[in-house]
Amino acid sequence: MGFKEQIDTARLPQHIAVIMDGNGRWAKEKGKLRVFGHHNGVLSVRDVVEGAGELGIKYLTLYTFSSENWNRPKFEVTAIMELLISTINKEIKKLMENNVRLNTIGDMDMLPKKCSDELTSAINKTANNTGLTLTLALSYSSRREILQATQAIAKKVESGELKATDITEAVFSQHLHTSNLPDPELLIRTSGEYRISNYLLWQIAYAELYFTDKLWPDFRREDLYEAILDFQKRERRFGLTSEQVN
C-alpha cells in the first residue's frame, strides 16, 4: 500500500507551505551549473501541484524566490527570472485543466516587468478556478511583510481609522500578504536544512514542521504524501493537554 492510500482524506491539512531547497546542491552533485537544478526543480513543482490537487489539498504555498535571493550572482538571478516566465507560459494550460488558481505573495514591484506582466496575466486567467490555490512566494521576506503590516496599521491609528485597542491578531493578519489565505497547518522543507529562512513567520505559529533530506529536484508527490501521512500521525494540541484534545 502506497502513502496515498494510507492518508485519511477527511483529515487533510487545508494549507501546506513548502520551502523548496536544494536545487543548487543537486546540480553541483551532478557536476552541473546551479541553473540546471532550478530547471529540474520545475518538474518537482509540477508533480507536487498535481498530486496536491488530486488529493484535495485546498492551498499550497511555495517559497519560490526570497528577497535575499536578489543577492545571488546576477547570472543565476536572471536565469531564474527567465525560467519563471517560460514556466508560466508552459504551465498555464495545465493550471486551467486542473482547475488551479494562481496567486502570489511578496514584493512584486521588484520583479522584472516582463515577469510581473506574465504573472498578472496568469493570475487573471486562473482567477475563477475553484480547485487548489497555488501561491508563489516571490521576492518574499516575512520580516518585511510584518514590518509593512505594522506600518499600515500605524498609519490607520494616526488617521483615527483604528484605535490601538482595536489591533487584534485578526486585524494584524488582515494586513499581511496572506490575508486571503488560511494559516498553513504543515510546513515542509527539503534538503536536510532545519531552519525557516524568513518564511511565513507569523503564519506558521502552529504549523507542524516536516524536514526531509531529499533535495527539491528529487521531491515528488509520493514524498508529499509521506509528509501528509506523518502530519496525520501527530497530536495537535494548540497549548492544551492530550486529555483535553482527546
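In the predicted model, Leu-200 is placed in the loop that links β5 and β6. The phi angle of Leu-200 is positive, at about 50 degrees, although the residue is not a glycine. With a relative accessible area of 1%, Leu-200 is buried, since buried means under 20%. The loop between β5 (186–189) and β6 also holds Asn-198. This residue, likewise not a glycine, has a positive phi of about 60 degrees. Asn-198 has a relative accessible area of 14% and is therefore buried.

Strand β3 runs parallel to β4 (residues 133–140), and five bridges join the two. Within this pairing, Ile-105 has Ala-137 of β4 as its bridge partner.

Leu-95 is a residue of helix α4, which spans residues 74–97. The relative accessibility of Leu-95 is 12%, so Leu-95 counts as buried. When neighbours within four places in sequence are left aside, the contacts of Leu-95 are Val-100, Thr-126, Asn-129 and Leu-134. The C-alpha atom of Leu-95 is separated by 9.1 Å from that of Glu-50, and the two residues are 45 places apart along the chain.

Helix α4 also packs against helix α5 (residues 113–125), at an angle of about 15 degrees and with the axes 9 Å apart. The two helices are therefore roughly parallel to each other, as angles under 35 degrees are classed in this way. Their crossing is left-handed. On the α4 side, the contact is made by Met-81, Leu-84, Ile-85, Ile-88, Asn-89, Ile-92 and Met-96. The α5 side contributes Lys-114, Cys-115, Glu-118, Leu-119, Ala-122 and Lys-125. By residue class, the contact of α4 with α5 comprises nine nonpolar residues, one polar residue and three charged residues.

A further helix pair is formed by α3 (residues 34–55) and α8 (residues 221–232), which pack at an angle of about 50 degrees with their axes 8 Å apart. That angle makes α3 oblique to α8. The crossing in which α3 passes α8 is right-handed. From α3, the residues in contact are Asp-47, Val-48, Glu-50, Gly-51, Ala-52, Glu-54 and Leu-55. These meet Arg-221, Leu-224, Tyr-225 and Ile-228 of α8. The contact of α3 with α8 divides into six nonpolar residues, one polar residue and four charged residues. Glu-50, one of the α3 residues that meet α8, is also the residue whose C-alpha atom is separated by 9.1 Å from that of Leu-95.

Conventions:
Residues numbered from 1 in each chain as written. Predicted model: local features only at pLDDT ≥ 70, side-chain atom pairs only at ≥ 80, totals over all residues. Heavy atoms only, no water. Axes fitted to C-alpha atoms, helices over the stretch in contact; angles between N-to-C directions. Helix = DSSP H or I, 4+ residues; strand = E, 2+ residues; numbered from the N terminus. Parallel < 35°, antiparallel > 145°, perpendicular 65-115°, else oblique. Left-handed = near helix turned anticlockwise from the far one by under 90°. Contact = heavy atoms within 4.5 Å. Nonpolar A, V, L, I, M, F, W, Y, C, P; charged D, E, K, R; others polar. Pairing = 2+ DSSP bridges. Buried < 20%, exposed > 50% of the residue type's maximum accessible area, 1.4 Å probe, protein only.
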